[in-house]
Amino acid sequence: MGKSVTPEAISVLLYNPSPDSSSEIPEIIVQVVDLKPIGSSSTRFTFMASDGKAKLKAMLPSHFSSEIHSGNLQNLGLIQILDYTCNAIPNQTEKALIVTKCEVVSPSLEMEIKSDVKEVESGILLKPKQEAVSKSAAQIVDEQRRNSAPSARMAMTRRVHPLVSLNPYQGNWTIKVRVTNKGNLRSYKNARGEGLVFNIELTDEDGTQIQATMFNEAASKFYPKFELGKVYYISKGSLRVANRQFRTVQNDYEMTLNENSIVEEADGESFIPETKYNFVKIDQLGSYVNGRELVDIIGIVQNVSPTLSVRRKSNNEPIPKRDITVADDSNKTVTVSLWNELATNAGQELLDMADTTPVVAIKCLKVGDFQGVSLSTVSRSTVLINPDLSESKKLRSWYDSEGKGVPMASIGSNFSSKTGFRSLYSDRIILSHITNDPTLGQDKPVFFSIKAYVTYIKPDQTMWYRACKTCNKKVTEAVGSGYWCEGCQKNDDQCSLRYIMVVKVSDHSGEAWLSVFNEQAEKIIGFTADELDRIKTEEGDEKYQLKLKEATWVQHLFRVSVTQSEYMNERRQRITIRSQATIDFSAESRYLLEEISKMSIS
């Protein structure tokens with residue numbers, strides 16, 4: 001074996017628990033003993049660091065998990081510790097070693113190295129030999145410290161910790177970070193009272209990110225202090241385990257700053273941390289619908305709408321909105337709603353260059369279920385146009401070579417928010433499964449696929465509504481002439497008709513009334529609402545009813561949602577068609593053969 005453990009390594013670690021820099025750390029090689037995940041996590045691990053005589057409890061941050069899963073870092077293997085910190089464990093005399101940087105020296109050995117091994121407590125130390133530091137060098141450092149600015153002195157008197165080394169059990173620490181996202185100062189009201197809150201996202205030199213939150217006095221104190229893009233030294237904050245449903249960055253912890261926290265701007269700092277994206281392909285957005293997790297996307301801009309003015313429900317205040325259509329190499333498109341400054345600034349820039357089909361990278365988007373799947377910016381969202389990213393270059397190359405000639409389909413056209421983008425051959429049921437269970441959809445919408453005939457379309461129902469040609473919302477007749485759109489806050493000489501109706505469908509188990517909206521209704525009837533209205537007006541009611549009759553007794557595949565609605569103080573089941581397809585007999589045959597095979601096996 002080429003290398004073995006460093007004698008007295010644990011004593012060296014405990015004697016110098018927070019080295020000022022990694023260059024001061026001597027060669028420290030320890031054996032990894034009892035390596036195991038923390039709780040049910042598969043990203044964070046704990047082990048005992050052993051030098052053959054003593055052991056010390058140690059933890060590995062989540063970015064080491066790939067080394068463990070790949071088998072590079074193994075139990076009973078040797079590692080060289082290149083950077084670390086030792087933290088006290090609350091209510092215990094022991095300390096824990098947080099390894100922030102290491103190298104694998106050897107894979108798993110045949111056995112544990114032992115020589116009267118005992119676990120070391122913080123009070124039992126073997127003081128290692130220390131090399132003398134020349135007085136002149138110490139004087140130079142002292143002079144630099146005294147002559148530097150307050151923020152620089154803060155960095156020199158305390159070791160600057162990388163974000164990856166922080167944890168809730170740590171004592172004093174100082175971090176140097178850039179503010180890469182700053183939220184708005186918001187007021188809140190809950191059972192415990194009212195107050196102020198705002199969030200920022202911080203990134204250090206390694207590109208590690210963390211979200212920091214400030215409440216009440218701290219929010220008022222630090223909101224004007226933090227400026228987007230500037231670098232700060234921060235200390236006296238606290239950490240806790242991040243709530244995965246609300247976190248906006250990839251970090252196991254989130255930070256809270258109170259009014260006693262120290263924040264100093266780092267003048268002259270020029271490090272530019274790389275913004276980390278976790279891009280989600282458009283065809284994979286389904287599983288995020290109506291969830292609390294925010295997503296990042298990158299795509300080619302296909303269309304940009306004019307700026308709309310939408311009134312906020314809470315106070316009727318108008319806010320700007322702009323919709324853009326984005327596509328990627330999954331051959332799917334999705335609509336992204338830009339709000340507030342992003343609509344007027346980045347949105348206008350995209351409109352001006354729309355004919356060049358720019359690449360856009362958007363961070364922190366909320367995924368909704370409007371038209372199946374839709375995306376919307378939030379206060380912390382950022383938009384980059386033609387970013388200098390490898391994903392951007394790859395996407396541009398794909399679009400220029402083949403993408404612009406490929407037909408694109410909306411991700412929402414074949415989607416279920418329960419299961420994401422699903423085939424119409426999944427979750428197949430019969431109608432009686434829905435109609436015989438009045439509790440379906442009581443707590444939240446449920447989704448199924450059915451195969452059924454459209455058996456009746458009531459001709460005297462309200463088949464459509466007048467819609468704005470820009471935003472598709474309902475319009476009213478304006479005073480004088482034209483149509484008024486409340487969403488766009490403008491008059492228009494013309495409007496379009498969009499279907500909103502019900503149809504009766506049947507299969508061998510029963511029948512049910514299904515609600516249908518415009519895109520699916522057009523496929524069922526074979527005409528747009530404007531075309532059917534023209535037939536009714538110009539060719540008469542008999543021709544109109546004939547067209548509806550021709551659309552019946554045709555078999556379709558439907559993806560439906562089931563919810564509960566209340567009408568006249570009575571709860572009713574509402575079944576809505578979310579997507580539709582005609583029968584592909586080849587695919588249907590394969591599906592039936594698979595079902596028969598499953599029955600044979602069972």
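Trainee: Which residue lies over the face of Tyr223, and at what distance from the ring centre?

Mentor: A charge sits over a ring if NZ of Lys or CZ of Arg is within 6 Å of the ring centre and within 35 degrees of the ring normal. Here Lys182 lies over the face of Tyr223, 4.1 Å from the ring centre. Likewise, the ring of Tyr591 has the charged end of Arg428 over it, at 4.4 Å from the centre. This is a predicted model, where local features need pLDDT of at least 70 and side-chain atom pairs count only at pLDDT 80 or more, while totals for chains, interfaces and linings use all residues. Residues are numbered from 1 along each chain as its sequence is written, and side-chain values use heavy atoms, without hydrogens and water.

Trainee: How many aromatic pairs does a search of the whole structure find?

Mentor: A pair of aromatic rings is described by the distance of the centres and the angle of the planes. Rings of Phe, Tyr and Trp (its six-membered ring) pair if their centres lie within 6.5 Å; planes under 30 degrees apart are stacked, over 60 edge-to-face, and the rest tilted. The search finds 9 such pairs. One of them is Phe222 with Phe226, tilted, with 6.0 Å between centres and 50 degrees between planes. Phe226 also pairs with Tyr232, edge-to-face, at 5.1 Å and 70 degrees. Phe222, Phe226 and Tyr232 form one aromatic cluster.

Trainee: Is Phe222 buried or exposed?

Mentor: Buried means under 20% relative accessible area, exposed over 50%, and partly exposed in between (1.4 Å probe, protein chains only). Phe222 has 3%, so it is buried. Phe226 is buried at 0%, and Tyr232 is buried at 0%.
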